[in-house]
Every structure is written in structure tokens, then in C-alpha cells.
Amino acid sequence: MLLMVLLLGLTACDPGGSATDDPIQTQPIVDIDGNTYPTVRIGGQTWMASNLKTTRYRDGGSIPVAADNATWSALTTGARTTHPGSNGPLYNWHAVNDGRGLCPAGWRVPSTGDWNALVSAAGNDAGFKLKSSTGWLDGGNGSDAFGFNGLPGGFRSNGGAFEAAGRNAYWWSSTSFDANAAYGRGLIDTRRDMPANYGNMRFGYSVRCVKD
């Protein structure tokens, strides 16, 4: 199934960029499983500098693995999966929206407003600046100017197919689009921007957390 992408012109990029084009590293954080994440300050926000890897919600409840396509495509509750060749788990939006909390305490899954603020702070060519400097296929690497380290983890469709690892990165937002879809944000191998997108809530996307 084709990924639905909206090129929203909502990023309001400052031509000069309102953040310093140098990584501003901050204190690492640890999730409930003991995974440690580097963090980086970009503009007025502090972001994880790697994708979420937790297998449990903040309250200790397990996030089930859905391996087979039939199970994955039928789910209306939170689940995770791993894309072959990916750099971390993919979560459906039901896991993002679970009241038990997907991110560590003091952190949240970013809203569309949070993503817009990040892109605005990065300025022109935000996608190129937020991409990792290695790991992208066919010349798709970025400059990683801010230390965000956006790696191309691909996604899992609502039918269960794994797609686009090495070429595209997709992260959920906490903002729903309609009863069946939610907004996300993407990096594309052939593009220098960071387009908004929306996907079926049963898609598997990566997750980054932003500090409250």
C-alpha cells in the first residue's frame, strides 16, 4: 500500500534557521527497559537523538510483538515490530495513543506542532540537516548538523509489508488525522525537506520522544 504523504507547507522555515547548526548535546535519558538515549537541544526543544526501543509502556505493561501479517493488519491495540535491516522497533499508532505512556516520564510523543517547531528551527533544507550522515542508500545521507541522527528505518504497512528501510524514515506524531489515520513526519532519500505525512493507524513507524 502506498504511503500517504501530505506536502503541507506548514513548516514556516526561517531562511537562516533559528537554531545553531551545531549539535547541542544534553543529558541522556533511560527508558523502563534500561535503554539509554542520547538527547540533543534544537531551538527551544530537547529531542531524543535515537529512535525509541522500549518493549514496555511507562507503567511496565508489555507492548506485544505482532510478527505475522494477519495479526498486524487486524490490530486496534498497541503493538510493535522490527523492520528487517531497521535501526529500531516500529510501533503502530495505537501504542502511541495508549494512556499508559510510550515515552519515559517527562517525555512525550511529539505532536504535529512539536514537529513543525523542529523543522522551523532547523531552517532551510531541514531534512538534509536532520538526516544522519551515514546509513542512507544511494547518496541519501544528510549533514546531521544538529545531532538529530535521523536514520532511514522504513515502515510497515497496515497490510504487514515492510518497506523503504535505507531510503525513508517515518516517525509518528501524537496527533490523529481522522478515525483511521494519524499524522507523522518523514525524511526521504531524494529530498532535502522534512514533509508532513499521515498513515493508517495500523502502520508501523519509528518513534522519537521530545521533552515535556
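**Strands, sheet and cores**

Modeller: Let's begin with a pair of strands: strand E1 (residues 25-30) and strand E2 (residues 36-42) run antiparallel and are joined by four bridges. Strands here are DSSP runs (E, at least two residues), helices are runs of H or I with at least four, and both are numbered from the N terminus. Two strands pair if DSSP finds at least two bridges between them. This is a predicted model, in which local features need pLDDT of at least 70 and side-chain atom pairs count only at pLDDT 80 or more, while totals for chains, interfaces and linings use all residues. Residues are numbered from 1 along each chain as its sequence is written, and side-chain values use heavy atoms, leaving out hydrogens and water.

Colleague: Which residue stands opposite Thr26 in E2?

Modeller: That is Thr39. Five residues lie between the strands of this hairpin, and Gly34 takes a positive phi near 90°.

Colleague: How do I read a sheet, and what is the strand order here?

Modeller: Strands of a sheet pair through backbone hydrogen bonds, either parallel or antiparallel. Here three strands form an open sheet in the order E9-E10-E11, with antiparallel pairing. E9 and strand E11 (196-200) are the edge strands, each pairing on one side only. From one strand to the next, the twist averages 40°. Five bridges join E10 to E11, and Ala181 has Asn200 in E11 as its bridge partner.

Colleague: Which helix packs on the sheet?

Modeller: Helix H3 (residues 112-122) does, touching E9 and E10, and its direction makes about 135° with that of E9. Such angles run from 0 to 180 degrees between N-to-C directions, with axes fitted to C-alpha atoms, for helices over the stretch in contact. Contact means heavy atoms within 4.5 Å.

Colleague: What is a nonpolar core, and how many residues has the largest one?

Modeller: A core is a set of buried Ala, Val, Leu, Ile, Met, Phe, Trp, Tyr and Cys residues joined through side-chain atoms within 4.5 Å. Buried means under 20% relative accessible area, with a 1.4 Å probe and protein chains only. The largest core has 24 residues, and Leu52, Leu102, Trp172 and Val207 have the most contacts inside it. Helix H2 (93-96), strand E9 (168-176) and strand E10 (181-188) each give two or more residues to this core, and H2 supplies the largest share, three residues.

Colleague: What does Leu102 touch?

Modeller: Leaving aside residues up to four places away in sequence, its contacts include Leu52, Tyr91 and Val207.

Methods:
Buried < 20%, exposed > 50% of the residue type's maximum accessible area, 1.4 Å probe, protein only.
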